[in-house]
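Reader: Hello! Could you take me on a close look at a single part of this model, and then show me what surrounds it?

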2 protein chains.
Amino acid sequence: MLESVDLKAKMPKADFKKLYAELEIRLGELQRTVRSAQIPVIFVFEGWEASGVGAAIGNLLGPLDPRGYKVHTFIAPTDTEKLFPPMWRYWQAMPARGSIAVYDGSWYVQILTKDDKIREPGVRALVYERMRTLERHLTDDGTVILKFWLHISKSEQARRFKKLNKDPALAWKVTKEDWRRHRQYGRSRQIIEEMLRETSFPNAPWVVVPAHDHRYASALILKTVAKALDSAVRKRSRKRTPSVELPRRGVDPLAKVDLRLSLDRAQYQELLPQFQKELLRLEHLVYPTRIPVAILYEGWDASGKGGNIKRLLAGLDHRGFEVIPIGPPEGDEKTHHYLWRFWRHLPKGGHLTVFDRSWYGRVLVERVEGFATPQEWRRAYNEINEFEAELTSFGMVLVKFWIHISKAEQLKRFKERERIPYKQWKITPEDWRNREHWNNYYEAVSDMLAWTSTPNAPWTIVEGNDKLHARIKTLRTVAEAISRKIEEVEDDNNKRPKK
Amino acid sequence: MLESVDLKAKMPKADFKKLYAELEIRLGELQRTVRSAQIPVIFVFEGWEASGVGAAIGNLLGPLDPRGYKVHTFIAPTDTEKLFPPMWRYWQAMPARGSIAVYDGSWYVQILTKDDKIREPGVRALVYERMRTLERHLTDDGTVILKFWLHISKSEQARRFKKLNKDPALAWKVTKEDWRRHRQYGRSRQIIEEMLRETSFPNAPWVVVPAHDHRYASALILKTVAKALDSAVRKRSRKRTPSVELPRRGVDPLAKVDLRLSLDRAQYQELLPQFQKELLRLEHLVYPTRIPVAILYEGWDASGKGGNIKRLLAGLDHRGFEVIPIGPPEGDEKTHHYLWRFWRHLPKGGHLTVFDRSWYGRVLVERVEGFATPQEWRRAYNEINEFEAELTSFGMVLVKFWIHISKAEQLKRFKERERIPYKQWKITPEDWRNREHWNNYYEAVSDMLAWTSTPNAPWTIVEGNDKLHARIKTLRTVAEAISRKIEEVEDDNNKRPKK
């Protein structure tokens, strides 16, 4: 593949100047259209060391209004970044709708790294799959993604390294490590070819740019970008999101829930402090082992989520956990992919995050209220499963609760809230309105439980009519999930050959 | 001071339970009032190692709705945080209006660190001054700040360390370093007393909490918080911001500007590439020396800021700089202190940031359009000087341009924009409206130039009627400023005794 690239391709200065003058105005216009059409755009730049990525980015951004773009440079992850799943740092940098993000280095650095693990084809296959998944999530949401690979030959690289080495202001740019990797050019090329092949799809194509002549390279990039933005803007007017066939749901998972389950207060008062103590012990063990823990609560209004979370956390050290209550999106959340705000709030290694409502809003409130189109919420089951796989494959403990109560129990609690003065702030007309949609929500909940309960991220349905039973069940479930992971990590450590 | 603390203070369990039950409801209500009154709240927790800060925070937050608070733990700065001025990381964590931030560790870690530098009284005096300044900025803006010092005796600390050391889940919490610092308890106490004395003011008082008995400690904290929030809410209704006397302005700085200055195109075309090349060289030197560079542009509408910035950056590597265009605040920016968004966009060490308009909007558009009250914008001159001192004392290069044109020149350019099709997007009714306020803006600009030109952060007035002259002047000014700083850094490195 790379052999067929014409590295002799050149563009005379005069031709380039003419083309650039034309494209300068056109790209400025396109940027304004992209902004008003609220299309997010990502340009990924990867290339051989010294292939001229910096200059190429400069030529691309020259015509653009800085109000609308941002350049992100990704090299090896920092210590903080390592406490999150690998895709975390890229999500932090996601462009808002109508903005352009230029990624100098990207999720592909995982492949291009010197890390030995990546030399195993099986590992690479998994990484490719995750990249395709990420890109599909973004482009399905309307993001334009273009990926440029700047290609130069081994001898050209050597020539450029030597030139840099001679310049006092630039010598620091070429390190011994760069020279070492230069000597492995051939081996790297094989992997790069595989990467380009495995991750080039119409929704997020790779463009291989012959980069010996920087004018030719820039011209190619500018023309490709102009064409892609143009077509994105035109497509936007006849927006077409992929249609998704949903699997048939078998049994109704809510039908078998035994809401009579209960616990007497004496037992509760004996068990509660025991579990709280155990959770505190586990919180302390999670920190040095750097295990991230995410616990999410979904449930009917007045199902007792708040009180349940309170008991779960009452014994813990506040410096080790965080509660993220999820309401309607606000501020920057409104202009990004619906998963973006959850990426922002993921627990870092060694910490617990409790989500009071979660990304499942996409297939619950957004489905029922029509905030998401049918295509969007149907697609979301799969997206959410993939998102959670990303988290659990990083080693995150993920516990998901649906707190279930009967419709009659909800009515009883609503009325109680209206009666007791210091509880009145908890009940709003919104709650009564949601209750009218009980059946629609019921169906949405059943679908959610059926299609997003996966081996690594199963749902736990909590029988919530009796609050005491519900509290002990969630505490026990969380404690067991964390213990299991700690054992797993310790087992792994024991199996690993001592160095 | 700390000697007079009654460490024997105790609270029986029954009393505490009763008090807690009362305060639980009251604090919940206060939190909702604080939210609707849009008051930002900061609770700072500092204390001896093992003084029970975690438990105290737990008791304080127990009654509160997690929707409204966030706990931030600050220990030693990470490598990334070290690339920014010391206050940067605290600004990132600032609560939005109506929210509560709990700082476990705070800007005071600078004093409580084991760093030897801080042993010098002169260094400490400076740090205290900066803390008082930070807190004054926040409380003048309406933030409630309470600072708790949890106090235990040396022998109590030893007892607690030993107990922790014995527990398998907790042993990692007490390190050799903790024991070493324990032995220096007396010396530390002197510095802590000084810190409490030097930084306790009515707007942001320290509360010393006897922490041998955790119930007594929590009760004191809870009562103090309830009282402070209560009084903040009541004060809010009769909002009173400090009134500021402005110094008299001497000469009008704009009167002496010679707008006839110009450059012929031949000279320009010779000089431009020279300076661009020089700036690229400097960009490359700034990176390994980790100097942060901020360049801000203010100027009349159509004064040529955009084109000027374009030439300044045209030769640079995009991975080393960023342009931050400042428009009306959006999203999260609206619910924070006006300086917050600039803290978010500061250059990190080794990088350049160009602000296209800046924090001076506070004393320009916000003053003229009445978005800030007279008290607010009058106060801002001093706040901005202090903000910039924070940046330059960290070693940041700060270059500030006012691009000046005559009223007649502006009219000519507005008309040209209307005439030329591809420039039409640049001119809006807003521009014509601003032009009607020329005289008001003129006065605001004169005041700004007079009161915020400081030795370390001087204004450069750029004669902008001739764009070519203006462009070369800004490039030259930036190049000189960066060169001076690089020399300074190199001199310092040479003077420093080799280790």
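**The sheet and the core**

Author: Happy to! Let's begin with one pair of residues: A:Ile324 sits opposite A:Phe355, which belongs to β8(A). Please keep in mind that this is a predicted model. The strands β7(A) and β8 (residues 352-356) of chain A run parallel and are joined by 5 bridges.

Stepping back, these strands belong to an open sheet of 5 strands in chain A, ordered β7-β8-β6-β9-β10, with parallel pairing. At its edges stand β7 (321-325) and β10 (459-463) of chain A; each has a single partner strand, so one side of each is left without a neighbour in the sheet. On average, neighbouring strands of this sheet are turned by 20° against each other, direction ignored.

Now for the nonpolar packing. The largest nonpolar core counts 107 residues, and A:Phe43, A:Phe45, A:Val102, A:Leu150 and A:Val354 are those with the most contacts inside it. Helix α9 (residues 214-237) of chain A gives the most to this core, contributing 7 residues. Both domain 1 (2-237) and domain 2 (265-495) of chain A give residues to this core, so it lies between them.

Leaving aside residues up to four places away in sequence, A:Leu150 touches A:Gly47, A:Trp48, A:Ser51, A:Gly52, A:Val53, A:Ala56, A:Val209, A:Ala211 and A:Ala217. There is also a second, separate core, this one of 106 residues, including B:Val44, B:Val354, B:Ala380 and B:Leu449.

Technical notes:
Residues numbered from 1 in each chain as written. Chains lettered and ligands numbered in written order. Predicted model: local features only at pLDDT ≥ 70, side-chain atom pairs only at ≥ 80, totals over all residues. Core = buried A, V, L, I, M, F, W, Y, C linked by C-beta atoms within 7 Å. Buried ≥ 20, exposed ≤ 12 C-beta atoms within 10 Å, placed from the backbone. Helix = DSSP H or I, 4+ residues; strand = E, 2+ residues; numbered from the N terminus. Domains from an automatic or database assignment. Contact = placed C-beta atoms within 7 Å. Pairing = 2+ DSSP bridges. Axes fitted to C-alpha atoms, helices over the stretch in contact; angles between N-to-C directions.
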